[in-house]
Amino acid sequence: MMKYLRLLAMCGLAVWVTTACQEKTFTVKGTITDAADSTLYFANVGLKGLETLDSVRLDADGRFSFSEKAPEAPDFYVLRIGGQIINIAIDSTETVTVCAAFPRMAADYEVEGSENCIKIRQLALMQQDLLRLALSLEKDYSLSRTEARDSLQRMVDAYKKDVAQNYIFTAPHQTPAYFALLQTLGQWLIFDPQADGIDDKAYRAVATSWNTFYPEAQRTKNLYSIVEESINRRQDIALRNNRQLDDSQIIESGVIDLSLVDNHGQEQTLTGLKGQVVLLDFHSFAMKDSPQRILMLRDLYNKYHTRGLEIYQVSIDADEHFWKQMTRELPWISVRDAEGASAVRYNVLSVPEYFLIDRQNQLQKRGEQIKNLDKEIENLLSFRP
């Protein structure tokens with residue numbers, strides 16, 4: 001009996017060891033020279049602030065290595081000595097190597113092992129340059145306050161245009177895009193979620209993409225709450241403005257119109273499809289189940305198109321070439337909105353999502369309200385007012 005119990009105990013230990021060995025981890029290692037006897041902290045950048053995970057007292061060679069459990073969704077970390085900080089992004093189980101020199105490690109460092117960390121380094125250095133330029137304007141007494149303010153605004157606008165085009169809209173689901181949204185100039189966010197134009201589009205693009213790839217992540221939910229707050233503020237302003245208009249100036253529409261360029265370079269609008277039943281589909285071809293969904297849509301299109309069904313499919317994929325390749329043989333209208341603004345306008349929290357629009361251009365139902373899509377399309381096609 002004792003022998004049997006010992007065998008069970010050994011088996012249990014073996015299972016525990018195997019499970020422990022299978023735990024996924026990531027590693028951040030490297031060297032920080034000229035920092036002997038300094039304490040290097042490794043911390044997680046959470047939504048509520050920094051949480052120190054580990055630390056080490058550096059010796060003369062400055063070597064360090066930190067390993068932690070891999071995050072379930074991309075997350076952010078920092079290496080810190082005093083006020084000098086190096087930002088790190090971790091997607092999964094990668095090993096990131098950092099080489100720096102103290103006391104200017106925040107500016108003088110190199111990183112390997114992660115393309116996203118390399119881009120975040122670029123963003124951090126660009127942000128530091130912008131701050132230096134802003135401080136130099138503040139000290140330039142040859143400029144009036146108005147001239148200094150206008151110059152600063154031009155610099156910030158140019159910075160946002162560069163970052164949006166090269167770091168956010170190119171890959172809104174990746175960590176550099178998220179990191180860029182949270183950059184500050186002093187105490188102010190460079191990309192203001194309450195502002196119109198490029199700021200609003202950037203937040204919507206990142207929120208929609210993160211919700212597609214990481215729907216359960218706290219960062220995703222936080223981004224969406226920011227976007228929703230911005231939408232609600234605009235709606236309040238619009239309502240106040242509408243109250244000041246004459247009835248003749250107010251145009252009501254049964255559908256939120258979209259105007260996007262398709263995979264053949266032609267502009268396509270929803271209101272231009274009046275007279276047809278429209279299946280408005282929000283989609284990402286990067287999804288694992290995309291092929292099955294496309295087959296289902298093709299069956300519906302083949303069955304009902306000659307009777308008046310049109311599919312208006314909005315892709316939120318960031319890679320334009322990939323999207324064009326995937327839609328090359330599709331017979332319906334395929335448009336792309338990598339920024340995700342159209343998805344936010346329809347309150348799409350995740351893809352795939354779809355809506356049915358009748359022949360009068362009236363929005364009828366969204367996916368969660370439809371039990372039998374085939375039957376609903378049949379009813380809308382058969383209905384004549």
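Lys-160 is buried in this predicted model. Its relative accessibility is 9%. The side chain of Lys-160 forms a salt bridge with that of Asp-199, at 2.9 Å from N to O. This pair joins distant parts of the chain: Lys-160 belongs to helix 3 (residues 145-168) and Asp-199 to helix 5 (residues 198-213), 39 residues apart. Asp-199 is likewise buried, at 4% relative accessible area.

A search of the whole structure gives 15 salt bridges. Among them is the contact between the side chains of Lys-365 and Glu-376, with an N to O distance of 2.9 Å. Here too, distant parts of the chain are linked. Lys-365 lies in strand 17 (residues 363-366), Glu-376 in helix 10 (residues 373-382), and 11 residues separate them. Glu-376 counts as buried because its relative accessibility, 18%, falls under the 20% limit. Lys-365 is partly exposed, at 30%. A further salt bridge brings together the side chains of Arg-104 and Asp-108, at 3.2 Å from N to O. Asp-108 is partly exposed, with 40% relative accessible area.

Strand 5 (residues 75-81) is mostly covered, with 6 of its 7 residues buried. Strand 5 pairs with two other strands, strand 2 and strand 6. The pairing with strand 2 (residues 39-46) is antiparallel and runs over 4 bridges. The pairing with strand 6 (residues 84-90) is also antiparallel, over 7 bridges. Strands 5 and 6 form a hairpin with 2 residues between them. In this hairpin, Gly-82 adopts a positive phi near 60 degrees.

Technical notes
Residues are numbered from 1 along each chain as its sequence is written. This is a predicted model: local features need pLDDT of at least 70, side-chain atom pairs count only at pLDDT 80 or more; totals for chains, interfaces and linings use all residues. Side-chain values use heavy atoms; hydrogens and water are left out. Buried means under 20% relative accessible area, exposed over 50%, partly exposed in between (1.4 Å probe, protein chains only). Two strands pair if DSSP finds at least two bridges between them. A salt bridge is a side-chain nitrogen of Lys or Arg within 4 Å of a carboxyl oxygen of Asp or Glu.
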